[in-house]
Amino acid sequence: MASFNKVILIGNLTRDPELKTSATGTKVADLRLAISETWRDKNTGENREVVCYVDVAAWNRTAELCSQFL
């Protein structure tokens with residue numbers, strides 16, 4: 001039986017998506033998200049922030065939509 005994994009990433013684009021076409025004609029959009037997490041340090045009371053960068057590849061119609069609307 002096939003399994004299905006779903007991931008939701010919410011962040012900021014670091015640059016515009018780059019739409020490419022493979023040798024077989026498949027559309028691919030490459031983009032990068034910056035996802036930040038902020039919290040208050042219990043010991044010092046300072047605000048802390050960590051940024052995680054995620055590279056994303058969208059394929060086919062999703063790639064076209066990402067390139068058009070993001």
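A residue is called buried when its relative accessible area is under 20%, exposed when that area is over 50%, and partly exposed in between. Keep that scale in mind as we walk through this structure, which is a predicted model.

Let's start with A57, which sits in strand β4, the stretch covering residues 47–59. Its relative accessibility is 43%, so A57 counts as partly exposed. Setting aside residues up to four places away in sequence, A57 touches A29 and D30.

In soluble globular proteins, nonpolar side chains tend to be buried together. Here the largest nonpolar core has 6 residues, namely A29, L31, L33, A58, A63 and C66. Two elements, β3 (27–40) and α1 (60–69), each give two or more residues to this core. Strand β3 gives the most, with 3 residues.

Leaving out its neighbours within four places in sequence, L31 is in contact with L13, R15, P17, V54, D55, V56, C66 and L70. Among these, C66 is also part of the core.

Now for the charged residues. Side chains of opposite charge can pair when their charged atoms come close. The whole structure holds 5 salt bridges. One of them joins the side chains of D55 and R32, at 2.9 Å from N to O. This pair links distant parts of the chain, since D55 belongs to strand β4 and R32 to strand β3, 23 residues apart. D55, a contact of L31, has a relative accessibility of 56% and therefore counts as exposed. R32 has a relative accessible area of 32%, so this residue is partly exposed.

Another salt bridge connects R48 with D41, where the closest N and O atoms are 3.6 Å apart. What is the burial state of D41? At 19% relative accessibility, D41 falls under the 20% limit and so counts as buried. R48 is partly exposed because its relative accessible area is 35%.

Finally, the side chains of E18 and K20 meet in a salt bridge of 3.7 Å, N to O. E18 is partly exposed because its relative accessibility is 40%, and K20 is partly exposed because its relative accessible area is 41%. These two residues and D30 are linked in a network of salt bridges. That brings us back to where we began, as D30 is one of the residues that A57 touches.

Terms used
Residues are numbered from 1 along each chain as its sequence is written. This is a predicted model: local features need pLDDT of at least 70, side-chain atom pairs count only at pLDDT 80 or more; totals for chains, interfaces and linings use all residues. Side-chain values use heavy atoms; hydrogens and water are left out. A nonpolar core is a set of buried Ala, Val, Leu, Ile, Met, Phe, Trp, Tyr and Cys residues joined through side-chain atoms within 4.5 Å. Buried means under 20% relative accessible area, exposed over 50%, partly exposed in between (1.4 Å probe, protein chains only). Helices (H or I, at least four residues) and strands (E, at least two) are DSSP runs, numbered from the N terminus. Contact means heavy atoms within 4.5 Å. A salt bridge is a side-chain nitrogen of Lys or Arg within 4 Å of a carboxyl oxygen of Asp or Glu.
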